[in-house]
Amino acid sequence: MVRMRPQPPIFEFTKQLKVIVNLKQYSVALKLFDEMRELGAPVNEYTMNILINCCCLLKRVDIGFAIFGVFFKHGYEPDVTTFTALLKGLFLNGKVAEAEKLFKQLLSLRLCEPNDFTIVTVINGLCKNGHVLAAHDLLCLLEKTIYKPNVMGYSAVINGLCKTEMVDNALELKSRMIDKGISPDVVTYNSMIQGLCDFGRWKEVKDLLNEMVNQKICLTVVTFNILVDSFCKEGNVKEAEDVFEIMTRQNIYPNIVTYNALIDGYCLQGKMDRAKEVFDSITGNGLKPCIVTYNSLINGYCKNGKVDEAWRLFLEVSSKGLEHTTVTYSIMIHGLLSEGRNADGWKLYKDMEARQVHPNLYTCNILLEGLCKTHQIAEAFSFLRVMEDNGLSPNIITYGILINGLCKDGKLEDAKKLLNELPSKGLKPDNHIYAIIIGSLCEEGFVDEAKDFLIKMERSGCAPDSMTYNIIIQGLLKKKEFDKAIPYLEEMHKKGFLADASTSSMLINHLQGSKKNDVLLEMMKKVVPKM
């Protein structure tokens, strides 16, 4: 086209670029532009916007600004599309402060008139980068200007508030937008329904659904999927099935997300036969299982001790034109190691690396735990170094696994030393790690030192939980130091914790085999769960 004489008009070139961009071939579009420039093809403001947008979508906003500068020098005027693309690029690169600054300059210097898409880009960008309250403040600010946010702007903030567990704030904002004459749409309602479902606030979910019906807002497959998934996660698969039935009666066809949620629900309840039936029904309904579907079922089989069934499905994945992901490998490795098939687990890890499916921290923590459970502590620390060499930063779970492994291997001093090193690694010990150390000290008979650790734990700002109190009380009861156990039982009761099965059994056994202890009896009535 460039070599044609006379050359086609500019819009023909930009049309070609647009086609390539619509195919999401952003690098190809940039390369084509370079060739166009070398051959003297004409460009205009529209071309500039396409190129800047490509750079921003490739997360190269620096190049986007460079192109912006070059075009500006050539006398091309940037418009709202140009600035919106640059704002999007800054947010995609996590440069929130720079994006906020640019947007404020647009308003104060009147560089362009922000449109609805610009406003939604900024609000979405703030929310997705974790600045939900800043997005909320911006929304309030814009309400007082001529640039009134539309339903998409409100929906973006409501979604952000719900995802950060500020559901009540989201509901308040919904009321405010209605007061301003802006009607919530299905996207707005879906966000709020998801937020309420996450907290099990089912009555309010029902109220919102009724509100949608009254407002003649049609429920979509997304709405139904939220309900199916939430019921399944709560263990109410029967309710999920009822929702599924309502969907089909309303001619809203379940998609693969619906089926994945149901499979997860049955797997959580150990109903693997039913989960497999749902899996087998997918193709009959004109859909194909995706890798997430396989992951759900493989995980279900592994969690329910049916590793051979899981392995059969794992092997089936490739024959269906799907690729194993890091999640698929992690699930299968965990299943094999849980069954004591350590050699198979490590062989699969090697296969994963050979196929260039990169293990993540979760995968490595699984392997590390496998080594610690089989008392291969030296190998576990060697693997820790391999993890670090591969660019993975061990987290508190990683060190919890190692500390537990050291304790189980009788290396209590090494475990305490590693615990003391955690702050220098930028990590704060949690309840679980303190409970491991305190439990090991009690098992070794060092109950007084365990009590000191409990004090250290509290001073570090880590409040002991029910498990920690049960461990220390059991340690004292084993040493028959019943009077010393009473203050901890009292503290446990004050904090609303109950004795677990082991503590309860030890207390009952002591009471039956010794002289009456009224104080201990009263405490037992308070902390031992009623049958």
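Trainee: What's the handedness of the crossing where α3 passes α4?

Mentor: Right-handed for α3 and α4. Keep in mind that this is a predicted model.

Trainee: And at what angle do the axes of α3 and α4 cross?

Mentor: Roughly 160 degrees, and the axes come within 7 Å. The helices here are residues 45-57 for α3 and residues 61-73 for α4. An angle over 145 degrees counts as roughly antiparallel, so that is how α3 runs relative to α4.

Trainee: Which residues of α3 and α4 meet?

Mentor: From α3 you have Met48, Leu51, Ile52, Cys55 and Cys56. They meet Val61, Ile63, Gly64, Ile67, Phe68 and Phe71 in α4. By class, that contact has 10 nonpolar residues, one polar and no charged.

Trainee: OK, moving along the chain. How do α15 and α16 cross, left-handed or right-handed?

Mentor: Left-handed, for α15 passing α16. Their axes come within 8 Å and cross at roughly 165 degrees, and α15 and α16 are therefore roughly antiparallel. In numbering terms, α15 is residues 256-268 and α16 is residues 272-284.

Trainee: What does α15 bring to the contact with α16?

Mentor: Ile256, Tyr259, Leu262, Ile263, Tyr266 and Cys267. Facing them in α16 are Met272, Arg274, Ala275, Val278, Phe279, Ser281 and Ile282. That contact comes out as 11 nonpolar residues, one polar and one charged.

Trainee: And α21 with α22, how far apart are the axes?

Mentor: 8 Å, with a packing angle of about 165 degrees between α21 (residues 361-373) and α22 (residues 377-389). So α21 and α22 are roughly antiparallel too, and their crossing is right-handed.

Trainee: Which residues are in contact between α21 and α22?

Mentor: On the α21 side, Leu361, Cys364, Asn365, Leu367, Leu368, Leu371 and Cys372. The α22 side has Ile377, Glu379, Ala380, Phe383, Leu384 and Met387.

Note on methods
Residues are numbered from 1 along each chain as its sequence is written. This is a predicted model: local features need pLDDT of at least 70, side-chain atom pairs count only at pLDDT 80 or more; totals for chains, interfaces and linings use all residues. Side-chain values use heavy atoms; hydrogens and water are left out. Axes are lines fitted to C-alpha atoms, for helices over the stretch in contact, and angles run from 0 to 180 degrees between N-to-C directions. Helices (H or I, at least four residues) and strands (E, at least two) are DSSP runs, numbered from the N terminus. Angles under 35 degrees count as roughly parallel, over 145 as roughly antiparallel, 65 to 115 as roughly perpendicular and the rest as oblique. A crossing is left-handed if the near helix is turned anticlockwise from the far one by less than a right angle, and right-handed if clockwise. Contact means heavy atoms within 4.5 Å. Ala, Val, Leu, Ile, Met, Phe, Trp, Tyr, Cys and Pro count as nonpolar, Asp, Glu, Lys and Arg as charged, and the others, Gly among them, as polar.
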